Amino acid sequence: MDSAHFVDPKSEVVQEMCDLWRTVRGAEPQVVSMVAGSYAHFVPGAIAVGRAEPGVDCRIHKADEWLPLADLDRLVELLALSIVHFCE
């Protein structure tokens, strides 16, 4: 990656995803910036969405990476709702 990718936390897409997160998770989302590679970097205005409950160490990108099935179910629901929402 050759340049930084930043989306304002107050942007419409972030706020709408936060609303969907609250609907699916029943909790406040944590909006953070991080130094990491993501598919979002290649699409202007795109964001990446977390995969597990805060505090769950999924050993991301390690040999024994895992995800609780309940978190996977909620992530699939969140992504499905976001597709419907943004395609309306």
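These legends describe close-up views of a predicted model.

Local features are taken at pLDDT of at least 70 and side-chain atom pairs at pLDDT 80 or more, while totals for chains, interfaces and linings use all residues. Residues are numbered from 1 along each chain as its sequence is written, and side-chain values use heavy atoms, without hydrogens or water.

**View 1. The whole chain.**
The protein has 2 helices and 0 strands. Helices (H or I, at least four residues) and strands (E, at least two) are DSSP runs, numbered from the N terminus. The C-alpha trace spans about 35 × 30 × 20 Å along its principal axes. Of the 88 residues, 23% are buried. Buried means under 20% relative accessible area, exposed over 50%, and partly exposed in between (1.4 Å probe, protein chains only). Contact means heavy atoms within 4.5 Å. Among contacts between residues at least 6 apart in sequence, 55% join residues at least 24 apart.

**View 2. Helix α1 against helix α2.**
Helix α1 covers residues 12–25 and helix α2 residues 69–87. Their axes lie 10 Å apart, at an angle of about 135°. Axes are lines fitted to C-alpha atoms, for helices over the stretch in contact, and angles run from 0 to 180 degrees between N-to-C directions. The two helices are therefore oblique to each other. Angles under 35 degrees count as roughly parallel, over 145 as roughly antiparallel, 65 to 115 as roughly perpendicular, and the rest as oblique. The crossing of α1 and α2 is right-handed. In a right-handed crossing the near helix is turned clockwise from the far one by less than a right angle; anticlockwise makes it left-handed.

**View 3. Residues at the helix contact.**
From α1 come V13, E16, M17, L20, W21, V24 and R25. From α2 come D71, R74, E77, L78, L81, S82, H85 and F86. The set divides into 8 nonpolar, 2 polar and 5 charged residues. Here Ala, Val, Leu, Ile, Met, Phe, Trp, Tyr, Cys and Pro count as nonpolar, Asp, Glu, Lys and Arg as charged, and the others, Gly among them, as polar.

**View 4. The largest nonpolar core.**
M17, L20, W21, V24 and L78 form this core of 5 residues. Its largest share, 4 residues, comes from α1. A nonpolar core is a set of buried Ala, Val, Leu, Ile, Met, Phe, Trp, Tyr and Cys residues joined through side-chain atoms within 4.5 Å. Beyond its neighbours within four places in sequence, L20 is in contact with L78, L81, S82 and H85.

**View 5. R25 in helix α1.**
R25 is found in α1. This arginine is buried, with a relative accessible area of 13%. Leaving aside neighbours within four places in sequence, R25 contacts R51, A52, E53, D71 and R74.

W66 sits in the loop between α1 and α2. At 43% relative accessibility, W66 is partly exposed. Not counting residues up to four places away in sequence, W66 touches V56, D57, C58 and R59. W66 and A52 are 14 residues apart in sequence and 9.9 Å apart in space, C-alpha to C-alpha. R59 belongs to the loop between α1 and α2. Its phi is near 55°, a positive value in a residue other than glycine. R59 is partly exposed, at 32% relative accessible area.

**View 6. H61 in the loop.**
H61 also has a positive phi, about 60°, although it is not a glycine. H61 lies in the loop between α1 and α2. This histidine is exposed, with a relative accessible area of 70%.
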